[in-house]
Amino acid sequence: MERLKHLARYAGASSLVSGLEILLLAIFVELLGLYYIFGAIGGFLCANLIHYILVRLFVYKESVVPHGSGYLKFLTVLSSSTLGNLVLFYVLVEYAGLYYLIARPISLGVVGTISYLINTFVVFHPSKSNDAA
């Protein structure tokens with residue numbers, strides 16, 4: 001049951017940030033005239049600083065991983081997920097023919113699920129075994 005609550009908190013934070021990211025994407029593309037890939041990169045980078053803060057405060061609050069190293073690991077996962085998101089996003093738009101504002105939530109959901117698993121079991125592992133120092 002605790003794992004389900006954990007997943008729900010992560011999904012809530014991710015959904016909020018994904019909504020912000022999609023809003024920023026639409027602003028960058030529709031109002032500023034950026035190419036959709038550049039709009040996606042800008043939205044992703046802006047939104048994911050907020051994502052780190054939210055998941056650290058509300059999802060991985062029990063983690064003993066220091067903020068500095070936790071953020072560096074989070075950025076490593078973020079870098080990989082940025083590439084994965086952009087590749088999947090591009091494929092969905094260019095090859096599957098999906099509208100970019102439909103394709104983006106799909107790519108975010110797929111890659112976000114993988115990122116959750118990596119963040120939970122590698123980056124912020126909630127183990128308190130390092131406390132004995």
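Modeller: Helices are DSSP runs of H or I, at least four residues, numbered from the N terminus. The expected span of a helix is 1.5 Å times one less than its number of residues. This is a predicted model, where local features need pLDDT of at least 70, side-chain atom pairs count only at pLDDT 80 or more, and totals for chains, interfaces and linings use all residues. Residues are numbered from 1 along each chain as its sequence is written, and side-chain values use heavy atoms, without hydrogens and water.

Colleague: What distance does helix 3 reach from its first C-alpha to its last?

Modeller: Helix 3 has 28 residues. At 1.5 Å a residue, 40 Å is expected. The helix comes close to that, reaching 39 Å.

Colleague: Is V77 buried or exposed?

Modeller: V77 is found in helix 3. Buried means under 20% relative accessible area, exposed over 50%, partly exposed in between (1.4 Å probe, protein chains only). V77 has 12% relative accessibility, so it counts as buried.

Colleague: Which residues does V77 contact, leaving aside its neighbours within four places in sequence?

Modeller: Contact means heavy atoms within 4.5 Å. With those neighbours left aside, V77 touches S115, I118, N119 and V123.

Colleague: Which helices do the buried residues of helix 3 pack against?

Modeller: The buried residues of helix 3 include F74, V77, L78 and F89. Their packing partners are helix 1, helix 2 (36-59) and helix 4 (100-123).

Colleague: Is I27 buried or partly exposed?

Modeller: I27 lies in helix 1. Its relative accessible area is 31%, so I27 is partly exposed.

How values were computed:
Helices (H or I, at least four residues) and strands (E, at least two) are DSSP runs, numbered from the N terminus.
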